[in-house]
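Have a look at the fold, then follow along below.

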Amino acid sequence: MTKPEQILKAVLRVTGVVTGLAIFAVFLPRAWMAAIHQWLGLGPYPEGVIVDYLARSLSAFYAILGGLLWVVARDVQRYAAIITYLAWSGLVLGVVLLVVDLSLPMPLSWILSEAPIIFAVCIAILVLQTRD
């Protein structure tokens, strides 16, 4: 296995762990979610079933994505097409999230930590895939 493949596996696994940690948010008590929301500078936690549903279902989706990243990291050559798809779709997602973040009154810390991190990880994945 080449050095770029080893680094790619590590990037996928670390990203998978970080993303997979979202599983805990699926089970957080609403009061804790509200406190975290406030702590992040997002104001009072909105009332409504849809807010809880979206927070929990998105967290579950991120956890599933984290597991997928671990699966594809097992064999980066075999799953190269899937890894490429995930990286390119992640870049598109990063653009969408940046536009959304800039159009809403999101805190600057949020804006600077969301899309730029997604861009960096996805670009790193694409670059590592082209190295032999």
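## The overall picture

How many helices and how many strands does the protein chain have? The protein chain has seven helices and zero strands, where helices (H or I, at least four residues) and strands (E, at least two) are DSSP runs, numbered from the N terminus. Read from the N terminus, the order of elements is α-α-α-α-α-α-α.

A note before going on: this is a predicted model, in which local features need pLDDT of at least 70, side-chain atom pairs count only at pLDDT 80 or more, and totals for chains, interfaces and linings use all residues. Residues are numbered from 1 along each chain as its sequence is written, and side-chain values use heavy atoms, with hydrogens and water left out.

The C-alpha trace of the protein chain spans about 50 × 30 × 20 Å along its principal axes. Of the 132 residues in the protein chain, 30% are buried (buried means under 20% relative accessible area, exposed over 50%, partly exposed in between, with a 1.4 Å probe and protein chains only). Take the contacts (heavy atoms within 4.5 Å) with a separation of 6 or more: 66% of them join residues 24 or more positions apart.

Helix 1 covers residues 3–20, and at 1.5 Å a residue its 18 residues should span 26 Å; the end C-alpha atoms are 25 Å apart, which agrees. The expected span here is 1.5 Å times one less than the number of residues.

Which residues of helix 1 are buried? They are Pro-4, Glu-5, Leu-8, Lys-9, Leu-12, Gly-16, Thr-19 and Gly-20. They cover an arc of only 140° around the axis, so they sit on the same side of helix 1; that arc is taken from the directions from the helix axis to the C-beta atoms. Their cover includes helix 2 (23–26), helix 4, helix 5 and helix 7 (115–130). On the face turned away from the buried side, helix 1 carries the exposed residues Lys-3, Val-14 and Val-18.

## Helix 4, end to end

Asp-52 counts as buried because its relative accessibility is 16%; leaving out residues up to four places away in sequence, Asp-52 touches Arg-30, Met-33 and Tyr-45. Ala-73 has a relative accessible area of 0%, so it is buried too. Setting aside neighbours within four places in sequence, Ala-73 is in contact with Lys-9, Leu-12 and Arg-13.

## Where helix 4 meets helix 5

Helix 4 (residues 49–73) and helix 5 (residues 80–103) pack at an angle of about 140°, with axes 10 Å apart. The axes are lines fitted to C-alpha atoms, for helices over the stretch in contact, and angles run from 0 to 180 degrees between N-to-C directions.

Which residues make the contact? From helix 4 come Leu-65, Leu-68, Leu-69 and Val-72, and they meet Ile-82, Ile-83 and Leu-86 of helix 5. By class, the residues of this contact are seven nonpolar, no polar and no charged (Ala, Val, Leu, Ile, Met, Phe, Trp, Tyr, Cys and Pro count as nonpolar, Asp, Glu, Lys and Arg as charged, and the others, Gly among them, as polar).
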